[in-house]
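Here is a short briefing to read alongside your structure. Take a look at the chain first, then come back for the notes.

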Amino acid sequence: MVGLVVALGACGFRPVYQQDGETSGIDGLTSNIKAPASLQGRQLSRSLQTSLKPAADGLLRLSITLQERQEGQIFDPTGKPENYLVEHIAMVEFADQNGKVVAMRDFKYYDSFAKNDNEAVNIATRERIRNLAMRRFANQIRQALPRIAEDMAPTDTAE
């Protein structure tokens with residue numbers, strides 16, 4: 001067992017859950033995150049602010065618009081929907097410090113649920129789907145930030 005631990009440590013393996021104080025490389029890339037005042041918007045904004053640690057001198061300002069659409073997919077013999085497809089969209093504008101939009105990205109999340117006779121179950125299911133969508137959007141936005149910041153960096157062509 002000790003040999004396995006030494007071998008893994010020698011090759012550079014680190015557990016993904018290890019918290020060693022290193023910054024993720026995206027800290028301070030943002031200066032401002034603007035999201036809708038809805039529950040989902042606040043949830044997404046809070047998640048991004050916690051993980052991105054916005055700084056006054058950050059390169060990017062994020063402006064987020066959220067949309068949700070639900071439509072029946074499978075219908076019973078009377079024409080009432082039994083199954084719903086739910087689509088969530090986060091439209092994100094990435095702007096520089098001067099407010100000039102440098103990139104726009106649409107992030108989408110699809111899910112479905114079967115309608116239950118108990119409306120409380122339906123509400124809880126829709127809320128679970130919304131929460132999952134916001135977590136996915138936060139991860140996708142974090143993954144997009146380094147590439148967008150890299151594209152903003154001035155290229156040095158004088159050699």
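Predicted model: local features only at pLDDT ≥ 70, side-chain atom pairs only at ≥ 80, totals over all residues.

Residues are numbered from 1 along each chain as its sequence is written, and side-chain values use heavy atoms, with hydrogens and water left out.

**Overall fold**
- The protein chain has three helices and four strands, taken from DSSP runs (helices H or I, at least four residues; strands E, at least two) numbered from the N terminus.
- From the N terminus on, the order is α-β-α-β-β-β-α.
- Of the 159 residues in the protein chain, 31% are buried (under 20% relative accessible area, with exposed over 50% and partly exposed in between; 1.4 Å probe, protein chains only).

**Helix α2**
- Gln40, Leu44 and Leu48 are among the buried residues of α2.
- The cover over the buried residues of α2 includes β1 (30-34), β2 (60-75) and α3 (119-152).

**Salt bridges**
- There are five salt bridges, each a side-chain nitrogen of Lys or Arg within 4 Å of a carboxyl oxygen of Asp or Glu.
- Glu119 pairs with Arg126, with the closest N and O atoms 3.1 Å apart; Glu119 is partly exposed at 38%, while Arg126 is buried at 18%.
- Glu127 and Arg130 form a salt bridge at 3.4 Å, and both lie in helix α3, three residues apart.
- Salt bridges with shared partners join Glu68, Glu127 and Arg130 into one network.

Definitions and conventions
Contact = heavy atoms within 4.5 Å.
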